[in-house]
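Me: Please take a close look at one part of this structure for me. I would like to see the side of one chain that touches the other, and then how that chain is divided.

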Amino acid sequence: MSTTTPAVTTTPTPAHAAKKGKPELSEGARAERRLGFMLIAPAVIVMLAVAAYPIVYAVYLSLQRYNLAAPQNKAFIGFANYAAVLSSQYWWQALWVTLIITVFSVAITLVLGMLLAMVLHRTLFGRGTVRTTSLIPYGIVTVAAAYSWQYAWTPSQGYLSAAFNNSAPLTNQVQAIIVIIIAEIWKTTPFMGLLLLAGLSLIPEDLQNAARVDGATGWQRFVKITLPLMKPAILVALLFRTLDSFRIFDTIFILTAGNNGTGSVSILGYDNLFNALNLGIGSTISILIFICVAIIAVIYILGFGTAAPGSDIGKR
Amino acid sequence: MAVITPQRRIGWLSANFVVIALALIPVLWLVSLSLKTPTAILDPSFIPSQWTWGNYSGILTSSQFLRPLLNSIGIGLISTIIAVGLASMAAYAIARLQFPGKGVLIGMALLIAMFPLIALVTPLFTIERALGLFNTWPGLIIPYIAFGLPLGIYILSAFFREIPWELEKAAKVDGATPFQAFIRVIAPLAAPGMVTTAILVFLACWNDFILAISFTSTIASRTAPAAMEYFSGGSVFTVPTGPISAAAVVITIPIIIFVLFFQRRIVAGLTSGAVKG
């Protein structure tokens, strides 16, 4: 702090000149720039240390044969770990399970979130109550919610199991995945609903009224006015939800622990680290998950174009 | 606005009712289980046939839950305070100052916000063991700060853009340095945004499970959600349904309080930037 204070005090007039877009750097602009770097430095250092460095380290580990059960056998083995993972049925099954959970939960959450947003938007009475209540699934600890679902589906103890003829869906692959998707939908619909509500409230009421006067039905107004105007909000909400859903871990860990072919890629990575103690394979799975997430993000951002989140901040 | 007919009103009211019921049933089920005696747990009805406070008195006198609860509160608060502090500085710089590399910073924050956490668990586990951070408070606090920062930078830079900056200019004309202008003028105006951010970052720390089970091995640093896994029943053959449900209710109570008191702020924080952006 002490080294920059003298420079900063000379700021006033030149800084404003620089802000108007003059290319040359005045004393004040340089001071402003230095302050900017100082202010972001701590955040950048923490993020680099905890996220960027480990990813680089994971790339290095993924090229090693490295098992904590036999650390003396550590050796550079090139892409052999990748070959092992990509030729393993466990990886592909986990990837399929993850994709199925992601696609179904995000799609259904979008529809339900839209309905929730419309209820919240149109409700005149008790809007606060409904909004507060619908925030509870969003806020509740995922693990706590997962236990609720697990006990609800436990035969001879759970109300849902009892309602469905004392069934035990968590012991069956397809049924367990359906239960996981339901739990995921319950947890994330409020978030989706609130994001969409914010988009919905930006649509001018006049536009809806004009269309109503012209004889458009409710469905026509929804498809022709509401949806197009909400496209940016929908895309942002979808991107967040898709990336979040792809890394699903807590719910599956509690509900099935990944048994009966219900494990997601995150569960697979965790098992490789803590049950097989295989750092090489575990890191390889980490890198592959990272690549999958990057692909999903790129697909969405190409769809966004300039409406990508943060792009307007970046231009400032 | 169309005319509100009685049928329409009933329609919306019942829609409200459905929303509230769907949101609350799984929570009420946990409350019900937590109040059931071990015998009553074997009865799937929603209303307990036999009531007991035993599950609560059990966990609230056991260090197996109290210590993790303390860890959750301590680790969550420390991570939140540091993350919001660092994020405010960075967000101020992004919203107000001219310097190169802003786009890179935003990109990096977004990338980290979207990171699959499991991808970092393996390398961080190795690093933490080497540095002696494994199974310590800082071993969780440092990653929580790192993952709170993108959220904080994102929400706060959206809030900071709404602040009337003429006031800062006025302060500078009166002879304040940019640093003084930040502390004396802007920080008080930014306080609501910082409260919002703090709530969301704290909820994220409170909620975390994957890092908590990966980087802890004893109750010295295990947080409450991770500790529930290790509860034991009356015998090895008994699933501790009652105690786990009671613990789940206890860790849900702060969330419900937050939601009741800060509903507007939470909604504003969740939707800031996302829609304008």
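Here is the close look, in one answer.

Reply: This is a predicted model: local features need pLDDT of at least 70, side-chain atom pairs count only at pLDDT 80 or more, and totals for chains, interfaces and linings use all residues. Residues are numbered from 1 along each chain as its sequence is written, while chains are lettered from A and ligands numbered from 1 in the order in which they are written.

Start with the contact between the chains. Chain B brings 85 residues to it and chain A brings 89. Two residues are in contact if their C-beta atoms, placed from the backbone, lie within 7 Å. On the chain B side, the elements giving two or more residues include α1 (6-34), α4 (63-96) and α12 (241-271) of chain B. The largest share comes from α12(B), with 16 residues. Helices here are DSSP runs (H or I, at least four residues), numbered from the N terminus. By type, this side of chain B holds 68 nonpolar, 15 polar and 2 charged residues. Ala, Val, Leu, Ile, Met, Phe, Trp, Tyr, Cys and Pro count as nonpolar, Asp, Glu, Lys and Arg as charged, and the others, Gly among them, as polar.

Now look within chain B. It is divided into domain 1 (1-52) and domain 2 (61-271). Those bounds come from an automatic or database domain assignment. The C-alpha centres of the two domains of chain B lie 31 Å apart. Their contact takes 8 residues from domain 1 of chain B and 7 from domain 2 of chain B. On the domain 1 side, α1 and α2 (38-41) of chain B each supply at least two residues. Here α1(B) gives the most, with 5 residues.
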